[in-house]
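Colleague: Can you put the model up? I have a few questions about it.

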Amino acid sequence: MTRYLFLAQVIDGSARSGKLSSHEDHITEYEHIGSEIDQEAITSVREAHVAALNAGDAEAWVAQFTDDGVKISPNAPANVGRTMIRSWSQALLDHFSVRFALTVHEVRVLGEWAFERGDYTISLSSKAGGPTMQDIGKYITGYQRKPGD
């Protein structure tokens, strides 16, 4: 079994409020370079990542990162390692319900590494009430192939 995990994820967006844009809740067709097995493994990680975030499951979300993974969000310090990523994501999910969607534009596999770029849309609804916040932007994710289970 080929298995990939997030090594790094960089998000760049500008906060907007309102409804989700025309971005779909599923991943669209995209340019890909790499074997079908690699592409399927990456798709599996991506889908688990999106599903965990939308379900508010910080543990499942963090499980998609390598032990030394890096999560970089706009206007915030980098979160390095699963411990920091878990702390950051749990704090986010404690305060907000999330609706997250990706549109993938490209995935390239180069040896044990893979790189993905695309657009994202995220809506954050405060659990305490108030207006929904929306962010639409671009992302790049680096994946590292790990030994299969």
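Modeller: Here are the answers, topic by topic. This is a predicted model, where local features need pLDDT of at least 70, side-chain atom pairs count only at pLDDT 80 or more, and totals for chains, interfaces and linings use all residues. Residues are numbered from 1 along each chain as its sequence is written, and side-chain values use heavy atoms, with hydrogens and water left out.

Colleague: Which residues of the largest nonpolar core touch the most other members?

Modeller: Leu53, Trp61, Val98, Phe100 and Ile122, out of 25 residues in that core. A nonpolar core here is a set of buried Ala, Val, Leu, Ile, Met, Phe, Trp, Tyr and Cys residues joined through side-chain atoms within 4.5 Å. Buried means under 20% relative accessible area, exposed over 50%, and partly exposed in between, with a 1.4 Å probe and protein chains only.

Colleague: And which element gives the most to this core?

Modeller: Strand 5, with 7 residues. Helices (H or I, at least four residues) and strands (E, at least two) are DSSP runs, numbered from the N terminus.

Colleague: What does Ile122 touch?

Modeller: Leaving out residues up to four places away in sequence, Ile122 touches Leu53, Val98, Arg99, Phe100, Met133, Gln134 and Asp135. Contact means heavy atoms within 4.5 Å.

Colleague: Back to strand 5. Is Thr103 buried or exposed?

Modeller: Thr103 has 11% relative accessibility, so it counts as buried. Thr103 lies in strand 5, residues 96–110.

Colleague: Which residue is the bridge partner of Asp119 in strand 7?

Modeller: Lys138 again. Strand 6 (residues 113–126) and strand 7 (residues 133–146) pair in the antiparallel sense over 12 bridges; two strands pair if DSSP finds at least two bridges between them. Their hairpin has 6 residues between the strands, and Gly129 there takes a positive phi near 100°.

Colleague: Where else is there a positive phi, say just after helix 1?

Modeller: Gly56, at about 75°. Asn75 also has one, about 55°, although it is not a glycine. Asn75 sits in the loop between strand 3 (65–72) and strand 4 (79–80), and is exposed because its relative accessible area is 85%.

Colleague: How far apart are the end C-alpha atoms of helix 1?

Modeller: They are 28 Å apart, which agrees with the 28 Å that its 20 residues should span at 1.5 Å a residue. The expected span is 1.5 Å times one less than the number of residues. Buried residues in helix 1 include Ile42, Val45, His49 and Leu53.
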